[in-house]
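Colleague: Hi! Could you walk me through the packing and the ring pairs in this one?

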Amino acid sequence: MKLRYFSHSSFQITTNAGQVLLIDPFLDDNPTSPVRSDQLHADFIILTHGHGDHLGDGFKIAKRTKSLFICVNELANYVSDKGFQAHNMHIGGGHDFPFGRLQFTIAHHGSMTPEGSYAGEPAGVVLQIDGTTLYHTGDTGLFYDMKLIGEMTPLDYMLLPIGDNFTMGIREAVKAVELAAPKVAIPMHYNTFPVIAADPEEFRARLQAVGRVAKVMAYGEEMEL
Ligand code: NI
Ligand code: MN
């Protein structure tokens, strides 16, 4: 599988079979994204929560490319009410999709629809695709159950916020990686706006000092996992 980073919390996964998944596709109003939503196709769109910097351009992409949304129940109902296809799930539950297994986890954050109504609980997501495991934490503060998540599904990659203010900062993110113990940590949700400015190289160095590995992905970079 391939993982591509668009900046913020926005990633694209392409499976070995050629299916394309987007996670939190915040592109057109994202000052750091190197691509626009009209350049992308998605078979599946995974949303961690309803905030505008995560729902992003999901509807634009789904309208054009007929994507299936995967999100927690209340957010999935909102997506369905807008006329899109959605697969309703909830935290703690997993499901085998054509691309692999997906399970939602807790996240300590907020969530609402663009209209300001209830969008269910925010979530993180654990993916098992083509023999690789990946945990995208969504927007969250640090919580000790990250250790349990890593024990239940030993992790190859952990994608986690370091930008502080709305989520974990670098100090908390280093502890999160020690708890979940992925082989490689990939920082996200930083430098999109001044209030979430953070140095990913500092995160990488602080992880290295505790014997952990980080990969700082450039905006637009794609790598084979
Ligand atoms: Ni958020
Ligand atoms: Mn956010």
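Modeller: Happy to. First a term: buried means under 20% relative accessible area, exposed over 50%, partly exposed in between (1.4 Å probe, protein chains only). This is a predicted model, where local features need pLDDT of at least 70, side-chain atom pairs count only at pLDDT 80 or more, and totals for chains, interfaces and linings use all residues. Residues are numbered from 1 along each chain as its sequence is written, and side-chain values use heavy atoms, with hydrogens and water left out.

Colleague: What sort of pair do F26 and F193 make?

Modeller: A tilted one, with 6.3 Å centre to centre and 45° between the planes. F26 and F193 are 167 residues apart, in the loop between β3 and β4 and the loop between β12 and α6, respectively.

Colleague: Is F26 buried or exposed?

Modeller: F26 is buried, because its relative accessible area is 7%. F193, at 30%, is partly exposed.

Colleague: And why is the F69 and F84 pair called edge-to-face?

Modeller: Because their planes are at 70°, with the ring centres 5.9 Å apart. F69 sits in strand β5, F84 in the loop between α3 and β6.

Note on methods
Chains are lettered from A and ligands numbered from 1 in the order in which they are written. Rings of Phe, Tyr and Trp (its six-membered ring) pair if their centres lie within 6.5 Å; planes under 30 degrees apart count as stacked, over 60 as edge-to-face and the rest as tilted. Helices (H or I, at least four residues) and strands (E, at least two) are DSSP runs, numbered from the N terminus.
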